[in-house]
Amino acid sequence: MGEVKHLVVAKFKEGVAVEETLQGMAQLVSTMDMVKSFEWGTEMLGEEMLRQGFTHVFILTFNNGEDLASYLTHPSHTNFIGTFQAALENALVFDFPSVVIKPPA
């Protein structure tokens, strides 16, 4: 198995300081060597009916499933996840092996 992705699609609660949550997430992943890359963004074109209120996506890349498991059980992650979950109204989470059809240039 090659790279593994950890995808989180988030809908934040009304009134939550999203920027603070994003800063916390950036600080978390910057200190964890098992995280190969971290990307995030906000929804920009979808119709409300299709996005169902979800506004943010987070993608973490790991070299393998063992690195993902290490991240998920790491004390820094388990401490942060409580804060993150408290800010969420809803979330979708997918962990999957990456199948690359067209690699980045």
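Biologist: In which strand does Val 4 lie, and is Val 4 buried or exposed?

Modeller: In this predicted model, Val 4 belongs to strand E1. Its relative accessible area is 4%, and a residue counts as buried under 20%. Val 4 of strand E1 is therefore buried.

Biologist: What does Val 4 touch beyond its sequence neighbours, and how far is its C-alpha atom from that of Phe 96?

Modeller: Leaving out residues up to four places away in sequence, Val 4 touches Leu 60, Thr 61, Phe 62, Asn 64, Gly 65, Leu 68, Phe 96, Pro 97 and Ser 98. Phe 96 lies 92 residues from Val 4 along the chain.

Biologist: Where is Leu 7 placed, and what is its C-alpha distance to Phe 58?

Modeller: Leu 7 is also found in strand E1. Not counting residues up to four places away, its contacts include Val 57, Phe 58 and Ile 59, and among them are also Leu 92, Val 93, Phe 94 and Phe 96. Although Leu 7 and Phe 58 are 51 residues apart in sequence, their C-alpha atoms are separated by 5.7 Å.

Biologist: What is the order of the strands in the sheet, and which strands stand at its edges?

Modeller: The sheet is open, has 4 strands in the order E2-E3-E1-E4, and is paired antiparallel. Strands E2 (37–42) and E4 each have a single partner strand, so one side of each has no neighbour in the sheet. From one strand to the next the twist averages 15°. The strands at the edges are E2 and E4.

Biologist: How many bridges join E1 to E4, and how many join E1 to E3?

Modeller: Towards E4, His 6 has Asp 95 as its bridge partner, and Val 8 stands opposite Val 93. Towards E3, Val 8 stands opposite Phe 58, while Ala 10 has His 56 as its bridge partner. Both pairings are antiparallel. E1 and E4 are joined by 9 bridges, and E1 and E3 by 7 bridges.

Biologist: How many bridges join E2 to E3?

Modeller: Strands E2 and E3 run antiparallel. Within this pairing, Gly 41 stands opposite Val 57 in E3. The number of bridges that join E2 to E3 is 6.

Biologist: Why are E1 and E3 described as largely enclosed?

Modeller: A residue counts as buried when its relative accessible area is under 20%. In E3, 5 of the 7 residues are buried, so the rest of the structure largely encloses that strand. E1 is likewise largely enclosed because its buried residues number 7 of the 9.

Biologist: At what angle does H1 run to E3, and at what angle does H3 run to E1?

Modeller: Helix H1 lies across E1, E2 and E3. Helix H3 lies across E1, E3 and E4. The angle of H1 to E3 is about 0°, and that of H3 to E1 is about 40°.

Biologist: Is Thr 21 buried or exposed?

Modeller: Thr 21 is part of helix H1. Leaving aside neighbours within four places in sequence, Thr 21 is in contact with Phe 12, Val 16, Phe 80, Phe 84 and Ala 87. Its relative accessibility is 9%, and so Thr 21 counts as buried.

Biologist: Which element supplies the largest share of the lining of the largest pocket?

Modeller: About 200 Å³ of space lies in the largest pocket. Its lining has 16 residues, with His 6, Val 8, His 77, Ile 81 and Phe 84 nearest the centre, and divides into 13 nonpolar, 3 polar and no charged residues. At least two lining residues come from each of E1, H1, E3, H3, H4 and E4. The largest share, 5 residues, is supplied by H4.

Biologist: Where does Gln 52 lie, and is Gln 52 buried or exposed?

Modeller: Gln 52 is located in the loop between helix H2 (48–51) and E3. Its phi is near 55°, a positive value in a residue other than glycine. With a relative accessibility of 53%, Gln 52 counts as exposed.

Terms used. Residues numbered from 1 in each chain as written. Predicted model: local features only at pLDDT ≥ 70, side-chain atom pairs only at ≥ 80, totals over all residues. Heavy atoms only, no water. 1 Å grid on protein atoms, 1.4 Å probe; cavity = no way out; pocket = protein on both sides within 12 Å on 5 of 7 lines; lining within 4 Å. Points joined across faces, edges and corners; volume = space filled by probe spheres on them. Nonpolar A, V, L, I, M, F, W, Y, C, P; charged D, E, K, R; others polar. Pairing = 2+ DSSP bridges. Axes fitted to C-alpha atoms, helices over the stretch in contact; angles between N-to-C directions. Contact = heavy atoms within 4.5 Å. Buried < 20%, exposed > 50% of the residue type's maximum accessible area, 1.4 Å probe, protein only.
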